[in-house]
Amino acid sequence: MKLVLNTLTNFSVAKHFLTGALMAFLPMAAQATTLTFDQMIGQTSGQSLLGPTAGSSTIYFRDVATENGQTVDARITTTIIGETHFAEQNDPNAENYFGDAGFIPDYNNSFGGPQEDLGFLYYGNGINGEENGLTMTMEFFDGTASLSGSFLETLTLSNLEFAIYDVDGEASQSEYFSVRRDDGLVSYATGTSSQALVATDLSESVRFDGLGTNYSESDATGAAILYYELTDMVEITFGSLQSGGPYQNAVFSAIDGDLSLFANGSFDEPIAVTSVPLPASGLLLLLSIAGCFLPLRKSRALQIAKGFPSVWGIP
Ligand SMILES: [Ca+2]
Ligand SMILES: [Ca+2]
Ligand SMILES: [Ca+2]
Ligand SMILES: [Ca+2]
C-alpha cells in the first residue's frame, strides 16, 4: 500500500490521472528521506522539564537529511495562535509550570529517549473554548559544502516521511494538528487503537484530533505518520482547545523525523488524501502529452505567486 502511494506524484490533479494511466511509466520511488534535528544553529537559552528550549520562534538546523547526495538544511518559522506563550521565559511560580516555552531541539537525546527529534512546549491561556497553538513552517534548503547554513537555495525532497507524536491533552484541554495537502502531502497513517487520532480530510488540509486523554509519547495512539512527495516546505498547525481547568495549560508534542520512536509502532495502513477530480478539458490535455511525460514539481510559493497550481513546472 505504502509503496503504491509513494509512487504517486504529489500534485493531486495529475495524481488523479496518473494513478490509472501512467503508473507503469513512473520510476520506482526512492527511499523516503528522514529528518534529524540534532544540529541546531546557535544555543538554547531556556530550560524546561522536557529539556533545554530555544529562545527564538525561528530556528535553523544544519544537515537534517541527505537528498541525492546533497545535504539538507532546514529553517523553521512559527506563527502564534491566540494567547499562546512560546519562545519565552516563564515565571517559575506560574500555573501549570513545566519550564520555559519554546522549541526543544534534539529532544530527549541525553536520556536515551527519542533521538534527534524536535519537540516543543507552549502554554495555552484562557478557558471557555479558547484556542491556542502555533503554526510551524519547515522549509528545506541546499546545505551542501559551502552552502551549509546559508539558507539561500530551496531544495525539493522527492519523498519525505516523519511522525508527529504526543498529540493528546487531558480532560480540560484537547490537542490537534493539521497539515496542508498542497505541501505535497499524499497520505498518512494513524494508530491502530480505538482511541487513536481522528483524521478529518478537509480537502485542502487534513486535521488530526486527539481525544483529550494523556498518553505516553511512545504510544502511537497520539501519533500519526505523514508521507510527502516533491516538497520544499511543510506547514504544520498545532492547536489546542481549553474547555476548563487551569487558565494556563501546557502543551507538548514533537516530530520524530526518522520514526525511531515507532520502530515497533502500531499504525494502520496509510490513507491517501483526497485528490481533486480532473476537469474534462484538463484530462484531454494530459492525455495528449502523456507520451512526453515530464517530472512534476511543486513550489507552493510559486503557486501563490502565480495564483494557480504549477502543474507542469520544469525542474
Ligand atoms: Ca527520531
Ligand atoms: Ca501532548
Ligand atoms: Ca502525552
Ligand atoms: Ca496540557
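Tyr60 touches Met40, Ile41, Arg75 and Phe151, leaving aside residues up to four places away in sequence. Contact here requires C-beta atoms, placed from the backbone, within 7 Å of each other.

This is a predicted model: local features need pLDDT of at least 70, side-chain atom pairs count only at pLDDT 80 or more, and totals for chains, interfaces and linings use all residues. Residues are numbered from 1 along each chain as its sequence is written, while chains are lettered from A and ligands numbered from 1 in the order in which they are written.

Tyr60 lies in strand β1. Strands (E, at least two residues) and helices (H or I, at least four) are DSSP runs, numbered from the N terminus. Tyr60 is partly exposed, because 19 other C-beta atoms lie within 10 Å. The cut-offs are 20 or more such atoms for buried and 12 or fewer for exposed, with partly exposed in between; C-beta atoms are placed from the backbone. Tyr60 and Thr77 sit 17 residues apart in sequence, with their C-alpha atoms 8.8 Å apart.

Next, the strand pairing. Two strands pair if DSSP finds at least two bridges between them.

| Strand pair | Sense | Bridges |
|---|---|---|
| β1 (residues 59–67) and β2 (residues 70–81) | antiparallel | six |
| β2 and β5 (residues 130–142) | antiparallel | 10 |

Phe61 stands opposite Ala74 in β2. Two residues separate the strands of this hairpin, and Asn68 there takes a positive phi near 50°.

Terms used: Two residues are in contact if their C-beta atoms, placed from the backbone, lie within 7 Å.
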